[in-house]
Each structure stands twice: as C-alpha cells, then as structure tokens.
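I opened this notebook to record what I looked up in one structure. The entries keep the order in which I worked.

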Amino acid sequence: MRLVHVNVTQLRVAATCPRLHWFDARATAERQDGRTVVSRIWRKGGEAPGCGALFHTAVERFNAAARGSDEVLAALEAAGDPAGLQQALMRWFNASCLNLDALAARPVPLRRGFISAVQLYMEELARLAAHARAEGLPAAELRAQLFGDSRKRVDVTFHVGEDVHVHVTGAIDYVYFDPRLGKHRIVDYKLTPATSPNSDLFQVFTYALMHHHQHGTRPDVAVFYLHPTRSVREARWEEIEAKRGKVYELIASMVAWSDHAAGAGGLPPPGDRAYCGGCKHERSGACVAQLGHKDMGAWDRRWTALEATRGGDAPEGRERAAGSAPAAGEATADEPMVEDDPELDEALAVVKPVGERPKPAPARARGRGRKAPAEAPPGGERPSPAALDAGASPKEARTADVTGMLLGFDDGGSPVCVDPAVLRTHVSVVGAAGSGKTWMAKIIAEEALRAGVPVVAIDPQGDLVQMIEARPPSDVPAELRRAWEELRERVEPRILTPGSSHGQRLCLDPLRLPSAGELSHIANPALRAEEEEGLLVAVAANLVSLCACGGEEESQRTFLYQVLRHLPRAAPVRLRDIVAAVTAPEDLGIDDVDSLIRKSERERLARKLNTFVQGPSARLFSGGTRLDFTELLRPSKPGRVPLNIVYLNALSNDDEKHFFLAALATELYRWMITTVDATSGGVNLLFYIDEARDWIPAGGSKPPAKQPLIRLFTQGRKYGVGCLLCTQSPRSVDYNVFGNTSTKLIGRLEAAQDVERVIDWFTNEGGAPPWVAARKGAPKGSFVARWPDMPAELAGRAFKGRTLFTRHAGAWSPDRVERAVTEAGLRGTGG
C-alpha cells in the first residue's frame, strides 16, 4: 500500500489550478528538506488591492480570541439588532486583534479593501448571532457555537485506488452550527473576484466531505466573496454527496500530478486560465514552456470508471477518519510549509500575536449577565468552548482545587488526577494509530515537569521536540491557564542531538565506566562486583553491536569485556584507549588472548572501532558535550525543571539510533546506581520513550537497546526513575516490560488480539475488568486507566485528555529542529 500525505491548502491550490500544484510538488522535491512548498492563492484580482493574507490572518486571530472573551460574551448578551452587534464586534476586533498603527502605514486602497471585507464578515456574523439570540439561545452557548468548535481540523484518509491511500489533514476556514437552518455550515472566504465560482465551491465540497466522515455532520457549504464585490455561492449537503466522485478524482489526480513533477511517471496537469492573471508561473512563461498549452494535461479518471463498473455511487466507508489512518509517517495540519505570499509578512505585522492578551473593548460594548452552561444545539453535538485538538472534554471545569497530576476530564467535566508517586512504578500508554496516545503521554510528561520531576524524552522521529514551544494562551481554556503558566515558568527545555549540531550536540566519548569509588556505597562486595560486571558487559555488547563485524560476536563481547575490565579508570576512558588496547591487549596484562578471540577477528574489531575515532563515522564520539546525566538533570537556575528531548532523527541510520539509545540507557543505569539515593522514596526522573516497539520488541528479536531498557524497567523504581512508554499494539512490546508497568492507560484498540493481550494483563492483576472489551473502537482521545491505589470511583471510567500546554504538530525534520533551537535561544555551548 502507498500512503501519500497532503493538506487542505494543497487541495485548495490543486482545485484552483492543477499546474500550481505541479510547480509546488516539483519545488518540494527539489528542496529535499522535508518542507512542503504550497503557493498562497488568495491574490488581488484586476486593479483591486490584494488583502487576502491580512484578512485571513486577522479573522483567525479574532475567532481564536473571541471564544474566551468576556467582552464578546457581553456583546452577545446585549445583542438587540444586528447593526449594533456588528459595531460592538468591530470595536472589540480593532482593540484586541489589530495593530492600528501598523495598519495605518499600509496603502490606502489596501486598508479600504481590508476594512470593507471585515465589515461584511462582521455583518453576516452579527445577523446570525442576533437571530439566534432572538430565538432564545443563551449567549454562552452561542459563543461556543460561533467560535468554540474545535472541529475545524480535519484528518481523513481517502482510498483513491487499489493501492493508493491519501491522508488529508488541515483546518477549514470556518465551521459552525447555524441555528437558523438547524444544521452545520462550512464557509470559505474569498477576497478575489468570483470568476470561478464552480471551482471554488468544489474546494469546499472536499472539506465538507471530510468533515462529514470525521465528525458525522452533513454540512451545507458556502463561498463568500467579500472583496472587491460581495457575492455568495452556496450548496446543500445533498449536492455535495452526489458529486463525491469528483472529489476522489481531484485527490487521485494530485498524486498523479505530483509523481509527474518528481519525474516518477504520473500525469501532466492541465491549466486553468481563470487564475493566470495572478500567477507567477504565467508571468515568467514557465507554465507553457514546461507543460505546454493550457488545454494539455489529464486527470486521473479511474474513480469514474470504477463507479461505472459498480453501477452507481462510491460505496460507503471509502474514507476513514484520523483514528484509523495509517501511522507510518503520519502528517498533521501543522506540517511545515513555505508560503509563497509576499503579503504574509505585512499581515503578521498588522495582526497582534496570538499570545498577546486582548484589550477590553470600550464600556458600551459590554453587557451584564453571567455565563450560561453550553448545551447541545438542535441536531448537533455540543461544541467545545476551546480548541482542544485531540478531543479534550467539552467542560474543563473545577480545576482550581485539584491535586496531583491532571490527566483529563470525564464526560461530566470532573477532573481525573493521579499522584505523581505512581511515576516511580512506570507508566504505559497504549492505543492504535490516531488514538491520541502521544497526546496523552505528553500530558503525563508536562504534569511530571509541573510536579518538579525532570524528564528525559527519547524522540526517534521528531514528534516530541515541539514540546519546547508553549501552546498559545488563547488556545488554553481559562480554567487551565494557571497550570499552563506554571509549566511555562518552571520548564527548562533542551533539545539534544547526538552526532549532530542541530540542537545541543551530545558525544559518547569519553565512555562512562564505573569506578571503584562510585560503587563503594554498595556494602555487599558480591553485589558490588555484580553491578560493575553488568555495566562493563553492557558497554562491551553495545560496542560490538555498533561495529557489526560479523563472526563470533560472543567472543568479541567477552574479549571487549576483559579489555574494559583491565583498563585504568582513574581518568576518563576514551574510545582511542580502547582501540589501542584491542590492538595490543598484552600491554594491559591480558594473557592468552587467542583463547578469547581469533587474531583475524580481533584485528577486524580494532579496524572497525578505529573508524569511530578517525573515520567518517566518528560523529557519535566527537564534538559536543559528553553524555552525563548529572549535568542533564541540573537546572541552570533554582526552581527550574529540565526537559531533555533526545532527538534521534538526525542520525543517519537505524544502527546508530539503536547503538546510541543502548549507550544512553546504560549510562542512565550507571548514573542510577552510582548517584541516586535509593532510600529517598521520591521520583528523581521520568524517562519517556516513544514508539517502544522499535526498541523493546516482543519475541526473540534483540536489538542493542532492548536489554539495557528492560533493565531500567526492572530496576528503575528502586532508584526513583520512572519509565513512560508509548506503543500502538501491546503485542509488539516485550511482555516483561508491561509486567513491570503498574500504571496503564488504554486508548482505542483496533485488533482483537490487542484486546486479548490487555485482558491478559489485568487477569494477572486480579481479574479482567468489564471495560476492556469496549476499548475496541473507542473514540479518539478516550482512555481508561488503572494505577496503584486508584480511587474506586475512577475505576473503569473513560476520560479524555486535557488540553496540551505545549505545541503538538507534525514531526520536525532536523533543519526544522535547528531553526526552533536557534529561535528559542537554546543553542547552549554544545551546539
């Protein structure tokens, strides 16, 4: 199966003109840095000034701020006539969302176009709101409907061929429940002339189809042309459903056009003359020169042919919501894009940042009254009052007095909290792809930091590095704002990059071998000797796996163990010291070397080790800061709590990733037994490993990191080192790991075998609870947990994770990590 990722912006571009999508796909392939090139298509038409980027940026800011604004709520409560409400909303918008001085510096025609478009937007909004208030809808419920629907985000996989799945993600301009119609509406705003209304409607058809399959709505759609003249094009859900095959053809054709742009076959795209006047490829002549006449090109029509053979419309169930989307390389709506829009920087200068607290509107825009509880609108689900993205409970309430780590909220809005002490007994988060397991694991990591517990997180793909950035406060419900501020004030984030300088570079040279002094606190001589031997054996095994010389690996491990045992440890042991000892072991007093290893294998081992000293593979053992857990867990200022994210995606291959993680786990164990007071009883560290199946697989497979990691799970609790792991399938991770995990959070399960494995866990712990079977097909973001000393009232209760306090987006590439580290001032001395 082939899985292709696109976002709704790319859909918008391809529906506007297939050749724009072709040029973007070619530019993306040429970049080779993981960033997607997407042209902005809101451009000025004719002589009218272009203000599309400014309008969309400002409206997004307005909607995000309005959903938590008491001033907007007061204006809705006081709403009498649409004109008065429109003026109240405009006043608040000007005061809270715009830098009026910066706007005044823009050209007069652009200002006029922008103001006219905003007034039309506010006029339509005020009419809708005034009608709803006249019908008796409470202001708080209306505000939630207008601004709080987090379901703007869409995440659906389309099956467009026997072997092609296209995963589409993104955010719709505007979706809301219209009480006048008793149904949902999706609106797309245009600030261009209505020259191609059918094409523009077709774009929104795609969004509506996705929204229906993800959220169960049957939305009508509208395209509002706000500038240079006002007009509206609308379509009902029945028309959308009847034309769904055309949507499939667009998505399938995008794959074919992208393949052609990358030189991998595919189809050349046709052009759309309606957009030529604003297209840079038309102005440069590249469009016709590279792709021929505008009428040349083709669409992928296989879906139409498939419908004909089946005698009707596409069968039900051909789309999947995000919960069942394949996990490999999963993209999100926030994937990095290069935005080809010269207006965008100016727009960002005019619109106030999301993190800036809105100013109160003038007193005449305020009203009196108290918030009314939001209830479900007729014919629709109750929308969330804040953008909770991964499905947090609609009512994040009663948080002021909670104690412990706040994981989320049950259906009634009651908080679900756990004592930080449970971290010491290890935590596993299990859930199918798209179930929200990484979201939940990040919540646990955030709560550990808030509780003062340092975190070391292993990020193999780039999903965790975004935790260095705080979520904008406007996206955090008011009830959680204090907790959000606590985390922001306490956390000290770092991104550590072994073998590269994208973040703070880590180096494995010199190796950390236990000295006699470090182990002297172990009173039992036999136990002290066993701990020393175990660490030396682990280091020897790691080095042998890295070298991958073939031959008799057991002999190689035994020989290297003897070398490490004989090396003096008064000074740090460098890799070149080991190479010298392997080359001339007799200098260390190792007798009868040939009985340990054949000379040919010893020489091959020495040559391979030497490549990590002098060759191109030396980056893991040169440059940067020495791997030292004492330093990693030391804050730069009192009161700070370190968050160390170890980003492995800059390493060139899986062998290096496995070796580094094995070395890190071994060093963590050395730090535990030589540094930590096992009698303290607290939680000293949370060690978080994502996608555990790659490192601790079930069965007989033994990648280098497996045994060192299992040892952390079996021994860590004694030293207050809690482990947190995530996995899609409980069958894929070594059973012994789960046997040492006392706290388990179970999300949605897909396979019957996964349900059976979870039942096995709890059967061994005193009987399978009745809720386990219901985990198969559970909603996204829903979890049931069990931990030691759980209150009886929480047993078996499903809940949804709270809003994340840090960024949660698509996986970051090494270059994206480097930019984020530099912009955040986290380069440090090791980078």
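The entries below go from the whole chain to single residues.

**Entry 1: basis.** I note that this is a predicted model, in which local features need pLDDT of at least 70 and side-chain atom pairs count only at pLDDT 80 or more, while totals for chains, interfaces and linings use all residues. Residues are numbered from 1 along each chain as its sequence is written, and side-chain values use heavy atoms, with hydrogens and water left out.

**Entry 2: whole chain.** I looked up the secondary structure and found 27 helices and 23 strands; these are DSSP runs numbered from the N terminus, helices being H or I of at least four residues and strands E of at least two. Of the 831 residues, 56% count as buried (under 20% relative accessible area with a 1.4 Å probe, protein chains only; exposed is over 50%, and partly exposed lies in between). Among contacts (heavy atoms within 4.5 Å) with a separation of 6 or more, 76% join residues 24 or more positions apart.

**Entry 3: a helix pair.** I took α4 (residues 70-77) and α5 (residues 82-97), which pack at an angle of about 170° with axes 10 Å apart. The axes are lines fitted to C-alpha atoms, for helices over the stretch in contact, and angles run from 0 to 180 degrees between N-to-C directions. The two helices are therefore roughly antiparallel (over 145 degrees; under 35 is roughly parallel, 65 to 115 roughly perpendicular and the rest oblique). On the α4 side I list Glu71, Val72, Ala75 and Leu76, which meet Leu85, Ala88, Leu89 and Trp92 of α5. By class this contact has seven nonpolar, no polar and one charged residues; Ala, Val, Leu, Ile, Met, Phe, Trp, Tyr, Cys and Pro count as nonpolar, Asp, Glu, Lys and Arg as charged, and the others, Gly among them, as polar.

**Entry 4: Lys657.** I located Lys657 in helix α23 (residues 654-675). Lys657 is buried and has no salt bridge (a side-chain nitrogen of Lys or Arg within 4 Å of a carboxyl oxygen of Asp or Glu). The nearest side chain of opposite charge is Asp654, 4.2 Å away; Lys and Arg count as positive and Asp and Glu as negative, with His and the chain ends not counted. Leaving aside neighbours within four places in sequence, I find Lys657 in contact with Pro460, Leu648, Asn649, Leu651 and Trp695.

**Entry 5: backbone.** I recorded a cis peptide bond from Asp509 to Pro510, with omega near 0°. Pro510 sits in the loop between β16 (504-507) and α18 (525-547). His426, not a glycine, has a positive phi near 80° and is buried at 0% relative accessible area.
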